[in-house]
Amino acid sequence: MKTCKTCGEEKPIEEFVKSKNTKDGRLNKCKLCDNLIRKEQYYANHEYRKQKDKEYREKNKEKVKLWSHKYKEKNREKIRIADREWRKNNPELSRERSRRWRKLHGKEHYQKNKQMFVANVVRWQKENKERYNKRTREWRIKNYAKCIEKERLSRKKTRLKLTDGYVARLLRGKGKLLVKDVPKELIEAKRLQILIQREIKNLNKGELV
Amino acid sequence: MKTISDVRDQLAEIFEDLRNKDIKPNEADSLANIAGKMIASAKVQLDYYALTKTKADIPFLDNQSKVINQTKQVGKL
């Protein structure tokens, strides 16, 4: 048993702060008092310490980065749980933060991980087929004009580009032939024929003008 | 022009000539028209095979004939 010099209470030796410089290996103040004193000191110099920390971080950016990286690696699960908890407790702030982040880095992030995003969307669509179909149906009803315009533009694009599918459909006409059964070389020949006809049309237009 | 590849090559040439103005548009038009007829006849043959549900064996579509020849050779071996 030992008496604390700060609060004057008698406590078991394990409740005192460890020290290498004393005979019994413990300081004269108990852990509770030590904690209180440290807290008081911390809050008394709070602004000063904050400023100092900031300065240090700015001076030793690489070092701090390395430390934080190491810490994150070590405590990944802990951080994840804490983050989730924080998001749960501060939904508004969390949403605002992610909105701000998306505004700053969203496009860049999407371009970097485009494949992953697309794969995720496709996977979701496959897993939630009914929900996806329902959603698209609803969207189509709501945005009917937009839909028609989109389809018209896409048709125009395929017509201009002379895609394989478009040429194959042209070849097929009303026949029972499947588009996939039309040979590639036949498609290529037809495409060239159309291109020639278009070129002639353009030339004739030029002459008329 | 015995195969579809020949037709395609010929059409490519005509297209290039037309762009370089080495050929008259009327001539190019008639040639493209003939090629169109050939393509259409090949398509009719394909339609026939699709309707009868038999394997297409059209020498004009050389790619297919090649494949068939190859399979025949493999069968012989």
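Trainee: How many residues does the contact take from chain A, and how many from chain B?

Mentor: It takes 18 residues from chain A and 26 residues from chain B. Contact here means heavy atoms within 4.5 Å. Before we go on: this is a predicted model, where local features need pLDDT of at least 70, side-chain atom pairs count only at pLDDT 80 or more, and totals for chains, interfaces and linings use all residues. Residues are numbered from 1 along each chain as its sequence is written, chains are lettered from A and ligands numbered from 1 in the order in which they are written, and side-chain values use heavy atoms, with hydrogens and water left out.

Trainee: What area is buried between chain A and chain B?

Mentor: The general idea is that an interface's size is often given as the accessible area lost when the parts come together. Buried area is that loss, found with a 1.4 Å probe and summed over both parts. Here about 2100 Å² is buried between chain A and chain B, and carbon and sulfur atoms give 76% of it. On the chain A side, E185(A), L186(A) and I196(A) lose the most area to chain B, together 28% of what that side buries.

Trainee: Which residue forms a salt bridge with E185(A)?

Mentor: A salt bridge needs a side-chain nitrogen of Lys or Arg within 4 Å of a carboxyl oxygen of Asp or Glu. E185(A) pairs with R8(B), with the closest N and O atoms 3.6 Å apart. Between chain A and chain B the count is three salt bridges.

Trainee: Which residues touch the most other members of the largest nonpolar core?

Mentor: Think of a nonpolar core as a set of buried Ala, Val, Leu, Ile, Met, Phe, Trp, Tyr and Cys residues joined through side-chain atoms within 4.5 Å. Buried means under 20% relative accessible area, exposed over 50%, and partly exposed in between (1.4 Å probe, protein chains only). In this core of 31 residues, L186(A), I196(A) and L61(B) touch the most other members. At least two core residues each come from α9 (164-172) and α10 of chain A, and from α1 (4-20) and α2 (25-52) of chain B. Leaving out residues up to four places away in sequence, L186(A) touches L171(A), I4(B), I39(B), A42(B), L46(B) and L61(B).

Trainee: Where is Q193(A) found? Is Q193(A) buried or exposed?

Mentor: Q193(A) lies in helix α10 (residues 184-208) of chain A. Helices (H or I, at least four residues) and strands (E, at least two) are DSSP runs, numbered from the N terminus. Q193(A) counts as buried because its relative accessible area is 4%. Beyond its neighbours within four places in sequence, Q193(A) contacts L11(B), A32(B), G36(B) and I39(B).

Trainee: Which buried residues does α9(A) have?

Mentor: They are Y166(A), V167(A), A168(A) and L171(A). As a rule, an α-helix has 3.6 residues a turn, so residues three or four places apart point the same way. Just after α9(A), G173(A) takes a positive phi of about 60°.

Trainee: How many helices and strands do chain A and chain B have?

Mentor: Chain A has 10 helices and four strands, while chain B has three helices and zero strands. Of chain A's 209 residues, 17% count as buried; of chain B's 77, the share is 34%.

Definitions and conventions:
Buried area is the accessible area (1.4 Å probe) that two parts lose on being put together, summed over both.
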